[in-house]
Amino acid sequence: MLSEIREFLGCATPDAWVEAALRDQAVMLIDHKNNEFKAASTALALIAKYSAHEELVNFMSRLAREELRHHEQVLAILKKRGIPLRPISAGRYASSLRTVVRNHEPQKLVDTLIVGAFIECRSCERFAALVDHLDADLAKFYGSLLKSEARHFQGYLSLARRYGDDADIDRRVAEIREVEAGLIQSPDSEFRFHSGVPEVQAA
């Protein structure tokens, strides 16, 4: 499964991001919690917008429940570790990817699903990048998320192919892959779960 994920993505997570995540696990966990909630919200929004697409509705309903469960699990980890909840700004990653989504249907739906596949795929790849460096409890949790995030990635991509043209999808995957890799490999002013290479902060 990891080989498929790495093949789909245009680059691996830089070591500098892993080092930043290990230094600031509080922000990593809070942003992870936020991302799980956003993933559930996105699934519900897609159900509302494309309510006549039965296969999409069924998949997104299951996904929303699973993402909310993950949200609750991260909340429990934060509480157990004594990390208080606090607002943090969203990173550039998801909003930047969504700027490439086409505005007309059905291409808008297809691009939205491809972007969703990349977000889920990168999440999975980052869990894998972190798992060997974490304490036992967090490593076990992140290891357990690998399979579910991989299923989500495959589900998003399968739906894109259900509602779009294969040749167009292959072209859009290649184009969005380049944008996604650029976000991951370029300097980023703030550390977040999906951020790029952290800029060195002045002492």
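The questions below go from the overall fold to helix packing and then to the pocket.

Mentor: Ground rules: this is a predicted model, where local features need pLDDT of at least 70, side-chain atom pairs count only at pLDDT 80 or more, and totals for chains, interfaces and linings use all residues. Residues are numbered from 1 along each chain as its sequence is written, and side-chain values use heavy atoms, with hydrogens and water left out.

Trainee: How many helices and strands does the chain have?
Mentor: Helices (H or I, at least four residues) and strands (E, at least two) are DSSP runs, numbered from the N terminus. Reading from that end, the order is α-α-α-α-α-α-α-α-β-β. The tally is eight helices and two strands.

Trainee: What radius of gyration does the chain have?
Mentor: The C-alpha trace spans about 50 × 30 × 30 Å along its principal axes. The radius is taken over C-alpha atoms, and the globule rule is 2.2 Å times the number of residues to the power 0.38. For 203 residues that rule puts a compact globule near 17 Å, and the chain agrees, with 17 Å.

Trainee: How are α4 and α7 oriented to each other?
Mentor: Axes are lines fitted to C-alpha atoms, for helices over the stretch in contact, and angles run from 0 to 180 degrees between N-to-C directions. Helix α4 (residues 54–80) packs on α7 at about 160°, with the axes 11 Å apart. Angles under 35 degrees count as roughly parallel, over 145 as roughly antiparallel, 65 to 115 as roughly perpendicular and the rest as oblique. So α4 and α7 are roughly antiparallel.

Trainee: Which way does α6 cross α8, left-handed or right-handed?
Mentor: The axes of α6 and helix α8 (residues 166–185) come within 10 Å and cross at roughly 45°. That makes the pair oblique. A crossing is left-handed if the near helix is turned anticlockwise from the far one by less than a right angle, and right-handed if clockwise. Here the crossing of α6 and α8 is right-handed.

Trainee: Which element gives the most to the lining of the largest pocket?
Mentor: A pocket is an open set of points on a 1 Å grid over the protein atoms alone, where a 1.4 Å probe fits, with protein on both sides within 12 Å along at least five of seven lines; lining residues have an atom within 4 Å of a point. This one holds about 650 Å³, and among its 35 lining residues K38, T42, A94, R98 and I119 are the closest to its centre. Two or more lining residues come from each of α3 (25–49), α5 (93–98), α6 (107–131) and α7 (136–163). With 10 residues, the top contributor is α3.

How values were computed. Grid points are joined across faces, edges and corners, and a volume is the space filled by probe spheres set on the points.
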